[in-house]
Amino acid sequence: MTSMGEPDARRGATDRPGDAVPDLLAVRDLTVRFGGVTALDRVSFAVPAGQVCGLIGPNGAGKTTLFDCVSRLARPQAGRIELAGRDLPAHPHQVAALGVARTFQHLGLVASLSVRDNVMLGAAAGVRRSDGQHRSRSGFAASALRLPRVRAEERALRRRADEVLDRLGLAGIAARRAAGLPYGTLKRIELARALAAGPSLLMLDEPASGLSHGEVDELAGLIEEVRRDGDLTVLLVEHHMGIVMRLSDTVVVLDFGRVIAAGPPAQVREDPAVLEAYLGVPA
């Protein structure tokens, strides 16, 4: 395990051995300031394709800000983000079209829509041409025109949504409104919406927050399953250390916007800088 200043913590696709798995996501010297506050300070790390990277740290460490930068909801003042070796586009819809999907710490579901329609929104965000351009521009509102192409697109989105709902055990409530459903179920729907986009990079922002112990175990098993069954790379922000240690291939630790440790979960867990950041006293 290495700390922020050591070369291995910043190693990217270009300096890995030739037979190593290439990086899907590379964050290089990312810096974000809000007024006089530095939220991210030259943050660098990489996530190899097909792996799970846990991103942890105390409250206010900069984890959600980093997520917002990758999904282009926030703009860094300096640094680069690369996806599969290329600079990430500037706009959220372009990032989604390249196969990046995320969940939110605070649920982003539309309460008035059905479970299926919420997941169809995720599927629509992920529909893209072979050249990477977003294809489903007309949206649901255009269905009022009864255009054959629009209807065909919506049927395809519905099929995709139903496939994901069935896989996540939600088919039985597909027609129900999201409003009023149990919180654990809403978390699962949020995950379904992200998966419906068919992402290559899935970003999970505190997926276990507010869940019972049993629901956390169920969620962890579900994430393991979808990762195993698909070509999926996962960036996971989570305070629940059990799920981080269970799912992650590597763990990156932020504190006051800086990377203080990175490496395998077992090593990071014992790192003195990590213990100090969480406990507030030298280990």
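Guide: Two strands count as paired if DSSP finds at least two bridges between them. Helices (H or I, at least four residues) and strands (E, at least two) are DSSP runs, numbered from the N terminus. This is a predicted model, in which local features need pLDDT of at least 70 and side-chain atom pairs count only at pLDDT 80 or more, while totals for chains, interfaces and linings use all residues. Residues are numbered from 1 along each chain as its sequence is written, and side-chain values use heavy atoms, with hydrogens and water left out.

Visitor: How many helices and strands are there in the protein chain?

Guide: The protein chain holds 9 helices and 10 strands.

Visitor: How do you know that strand 7 and strand 8 pair?

Guide: They are joined by 5 bridges, and the rule asks for at least two, so they count as a pair. The two strands run parallel. As an example to find in the structure, Leu204 stands opposite Leu236 in strand 8.

Visitor: What joins strand 6 to strand 7?

Guide: Here there are 3 bridges, and these strands also run parallel. Look for Arg102, which stands opposite Met203 in strand 7.

Visitor: What is the order of the strands in the open sheet of 6 strands?

Guide: The order is 6-7-8-3-9-10, and the pairing is mixed. Strand 6 (100-102) and strand 10 (258-263) have a single partner strand each, so they stand at the edges and one side of each lacks a neighbour in the sheet. From one strand to the next, the twist averages 15°.

Visitor: In what sense do strand 9 and strand 10 pair?

Guide: Strand 9 (residues 250-255) pairs with strand 10 in the antiparallel sense, over 5 bridges. Val251 stands opposite Gly263 in strand 10.

Visitor: Why is helix 1 called largely enclosed by the rest of the structure?

Guide: The count of buried residues settles that: 6 of the 8 residues of helix 1 are buried, so the rest of the structure largely encloses this helix. The buried ones are Lys63, Thr65, Leu66, Phe67, Cys69 and Val70. Just after helix 1 comes Arg72, with a positive phi of about 65°.

Visitor: What is the order of the strands in the open sheet of 4 strands?

Guide: That sheet has the order 2-1-4-5, with antiparallel pairing. Strand 2 (37-48) and strand 5 (86-87) are the edge strands, since each pairs on one side only. Helix 1 packs on this sheet, touching strand 1, strand 2 and strand 4.

Visitor: How do you know that strand 1 and strand 4 pair?

Guide: Between strand 1 (residues 23-34) and strand 4 (residues 78-83) there are 5 bridges, in the antiparallel sense. The bridge partner of Leu25 in strand 4 is Leu83.

Visitor: Why are helix 5 and helix 6 called roughly parallel to each other?

Guide: Helix 5 (residues 183-196) and helix 6 (residues 213-229) pack at an angle of about 15°, with their axes 11 Å apart. Angles under 35 degrees count as roughly parallel, over 145 as roughly antiparallel, 65 to 115 as roughly perpendicular and the rest as oblique. The two helices are therefore roughly parallel to each other. Contact means heavy atoms within 4.5 Å. The contact is made by Gly184, Arg188, Leu191 and Leu195 of helix 5 and Glu215, Glu218, Leu219, Leu222 and Val226 of helix 6.

Visitor: What makes Arg160 partly exposed?

Guide: Arg160 has a relative accessible area of 29%, so this residue is partly exposed. Its place is in helix 4 (residues 148-167). Leaving aside neighbours within four places in sequence, Arg160 is in contact with Ala123, Leu195, Ala196 and Gly198. The C-alpha atoms of Arg160 and Ala196 are separated by 6.5 Å, although the two lie 36 residues apart along the chain.

Visitor: What share of the protein chain do buried residues make up?

Guide: Of the 283 residues in the protein chain, 49% are buried.

Terms used. Axes are lines fitted to C-alpha atoms, for helices over the stretch in contact, and angles run from 0 to 180 degrees between N-to-C directions. Buried means under 20% relative accessible area, exposed over 50%, partly exposed in between (1.4 Å probe, protein chains only).
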